[in-house]
Amino acid sequence: MPVGGRNAWARDIIELDDRYVVTSTALDDTSGTLHVHVLSVNGEHLATHELTAPGDDADVCCLTAGSDGILVWGSVGLFGSSPAFLRFHLDDSLAPIGISNYPVDLELAFFRADNVVTYPDGGVLLFGYGREVPQFPHLWSAAFVKLNEEAAPVAFRIFTSGPDQLMTAQHGVYLGAEGNTLTAFMGHVSETEINGRTEFLRLDDALNVISGFPGPNIQNGWSLVHPDSVIGDQPYVHALSSGNFVISGSVGTIQSRWNAVIKTDSGGSLLATYLPPNTAALNTTPRLQAMAAAGMEQLHFCQVEGLQLGMSSSGDISLFMPTEPSRVRVIKLDTALNVMCAHVIDGHLDGRYYLPTRIRSTNDGGHVIIGASMEPGTLESSAIWVAKFPAEACATHVPERVAVQDHRVHPNPGNTSFVLHLSGVVQPGGRLFLHGPDGHRVRAVGVQGNRAVVEVGDLASGIYFYRIERADGSPWASGRWVKE
């Protein structure tokens with residue numbers, strides 16, 4: 001898919017009857033240009049359209065579909081121009097019908113919109129955050145704009161903390177019959193502190209605070225700056241039909257970070273906790289959305305394992321400077337936070353660094369992950385990444401990467417078949433498992449002695465991953481095979 005600039009990543013995706021629509025932006029592109037990509041239901045790239053924002057330093061956060069077209073939500077003024085929320089109105093062919101600009105009444109040096117809450121009557125709540133200058137260079141403020149169904153602003157609110165403090169609004173949910181919104185705030189922490197405090201505020205129609213609670217501590221005795229609120233970064237909240245909430249986010253410091261999923265009642269009391277596998281020094285969640293509904297009583301949770309924090313060409317910390325591949329793990333949970341199944345996209349197998357921004361459920365019961373992908377060491381040159389998984393993909397667990405014993409696969413690339421040769425003899429009952437790029441198993445072949453022949457003539461072209469197991473299930477070797 002076209003990159004559209006350095007540090008490019010996909011920001012949102014919606015599924016229509018016959019296609020997917022994906023938005024993307026590039027962090028180094030200050031021209032005000034945003035991109036809308038169209039994919040077929042099979043993932044084929046059909047077209048890319050450019051949207052020009054009324055200002056520079058534009059960003060895009062979300063997509064929503066209405067009866068009269070598609071709405072693209074974002075912000076402008078990230079680095080010094082007049083900050084504002086944006087709305088692009090596109091028709092079914094993705095041609096722009098109109099652009100709306102909702103100024104934020106602060107002089108901000110940095111501004112970004114993250115998510116949007118939709119209401120049954122067609123209205124929306126946009127929220128984001130910014131940094132005020134020059135009086136309070138270390139103060140981040142959370143900003144809200146509520147629009148009615150005709151896209152007219154009906155309420156505006158800014159939440160601030162104190163000097164040398166941060167406050168960002170990162171996600172929210174509409175609470176149904178109550179008519180209120182629960183918003184997840186990350187804040188009350190200085191810019192030099194990574195251990196943060198997450199709060200959840202219940203807002204009325206006028207965006208006034210009705211009540212709130214801090215994210216609960218999941219283990220007493222942890223050495224944290226704010227021990228009453230363990231989730232300190234990237235909070236994402238999902239409302240259950242019971243009135244309870246499932247909340248995910250990152251825990252820890254910039255040197256060591258891991259994830260947590262918790263369940264609370266409506267007042268924030270802790271009901272259940274799930275700690276996903278902590279396989280790397282830096283585990284985190286997708287930047288914008290870590291969970292998606294997988295049916296009425298199930299959730300898909302997504303985490304990144306092996307996040308890379310490098311230094312950009314400007315000397316800032318960058319997520320787009322990887323030195324090693326990463327993994328993406330998707331875990332299916334019930335609403336009691338029991339694990340039902342999981343699957344892994346292992347960048348170590350194909351030499352890729354994956355940086356997801358969002359996971360969403362799809363109409364067929366599966367899910368799609370979007371973000372960026374790149375080869376380690378490629379100096380901030382990323383590609384837009386979209387990976388669609390069917391419902392049954394989660395039932396096929398792709399094991400962790402194993403140490404590769406001496407073996408040979410040929411021809412590679414190949415077309416109709418390939419042959420595996422192992423050094424040494426695998427005891428009777430050894431098996432070779434071949435998985436497609438989506439993690440779904442496509443072949444299971446017995447190993448005879450130290451050799452296996454795999455017929456692949458009916459498979460589509462692309463990258464496949466194989467794993468060889470001994471008869472007792474222990475790993476022997478793994479690698480990548482390419483179908484021409």
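Buried means under 20% relative accessible area, exposed means over 50%, and partly exposed lies in between (1.4 Å probe, protein chains only). This is a predicted model, in which local features need pLDDT of at least 70, side-chain atom pairs count only at pLDDT 80 or more, and totals for chains, interfaces and linings use all residues. Residues are numbered from 1 along each chain as its sequence is written, and side-chain values use heavy atoms, with hydrogens and water left out.

**Exercise 1. Strand S26 and its partners**

Task: State how many residues of strand S26 are buried, and find which strands pair with S26 in the antiparallel sense.

Solution.

Step 1. Strands are DSSP runs (E, at least two residues), as helices are (H or I, at least four), and both are numbered from the N terminus. Strand S26 spans residues 327-334, and seven of its eight residues are buried.

Step 2. Two strands pair if DSSP finds at least two bridges between them. Strand S23 (residues 298-305) pairs with S26 in the antiparallel sense over eight bridges. Leu299 stands opposite Leu333, and Cys302 stands opposite Val330.

Step 3. Strand S27 (residues 339-346) is also an antiparallel partner of S26, over seven bridges. Here Leu333 faces Val339. Four residues separate S26 and S27 in a hairpin, and Leu337 in the turn has a positive phi of about 70°.

**Exercise 2. Strand S23**

Task: Decide whether S23 is mostly covered or mostly open, and list the bridge partners in S23 of Asn283 and Ala292.

Solution.

Step 1. S23 is mostly covered, with seven of its eight residues buried.

Step 2. Strand S21 (residues 283-284) runs antiparallel to S23 and is joined to it by two bridges. The partner of Asn283 is Glu305.

Step 3. Strand S22 (residues 291-293) pairs with S23 over three bridges, again in the antiparallel sense. Ala292 has His300 as its bridge partner. S22 and S23 form a hairpin with four residues between them, and Gly295 in the turn has a positive phi of about 105°.

**Exercise 3. An open sheet**

Task: Give the strand order of the open sheet made of three strands and name its edge strands.

Solution.

Step 1. The order is S28-S29-S30, with antiparallel pairing.

Step 2. S28 and strand S30 (383-389) are the edges, as each pairs on one side only.

Step 3. From one strand to the next, the twist averages 25°. For such angles, axes are lines fitted to C-alpha atoms (for helices over the stretch in contact), and values run from 0 to 180 degrees between N-to-C directions.

Step 4. S28 and strand S29 (residues 367-374) are paired over eight bridges. Pro356 stands opposite Gly371 in S29.

**Exercise 4. Salt bridges**

Task: Find which residue forms a salt bridge with Asp12, which with Lys388 and which with Asp458, and place each pair in the chain.

Solution.

Step 1. A salt bridge is a side-chain nitrogen of Lys or Arg within 4 Å of a carboxyl oxygen of Asp or Glu. The whole structure holds eleven of them.

Step 2. Asp12 bonds in this way with Arg360, their closest N and O atoms being 2.8 Å apart. Asp12 lies in strand S1 (residues 8-15) and Arg360 in strand S28, so the pair ties together parts 348 residues apart in sequence. Asp12 is buried at 0% relative accessible area, whereas Arg360 is partly exposed at 24%. Asp12, Arg358 and Arg360 are linked in a network of salt bridges.

Step 3. Lys388 meets Asp364 at 3.0 Å, N to O. Lys388 is in strand S30 and Asp364 in the loop between S28 and S29, so this pair ties together parts 24 residues apart in sequence. Both are partly exposed, Lys388 at 27% and Asp364 at 47%.

Step 4. Asp458 forms a salt bridge with Arg443, with 2.3 Å between the closest N and O atoms. Asp458 is in the loop between strand S35 (451-455) and strand S36 (462-469), and Arg443 is in strand S34 (residues 441-446), 15 residues away. Asp458 is exposed, at 60% relative accessible area.

**Exercise 5. Confidence**

Task: State the mean pLDDT of the protein chain and what pLDDT does over residues 189-194.

Solution.

Step 1. pLDDT is the predictor's confidence in each residue, from 0 to 100. The chain mean is 79, and 79% of the residues reach 70 or more.

Step 2. Over residues 189-194 the pLDDT stays under 50, and the model has 19 contacts (heavy atoms within 4.5 Å) for them beyond four places in sequence. Where pLDDT is low, the predicted coordinates should not be read in detail.
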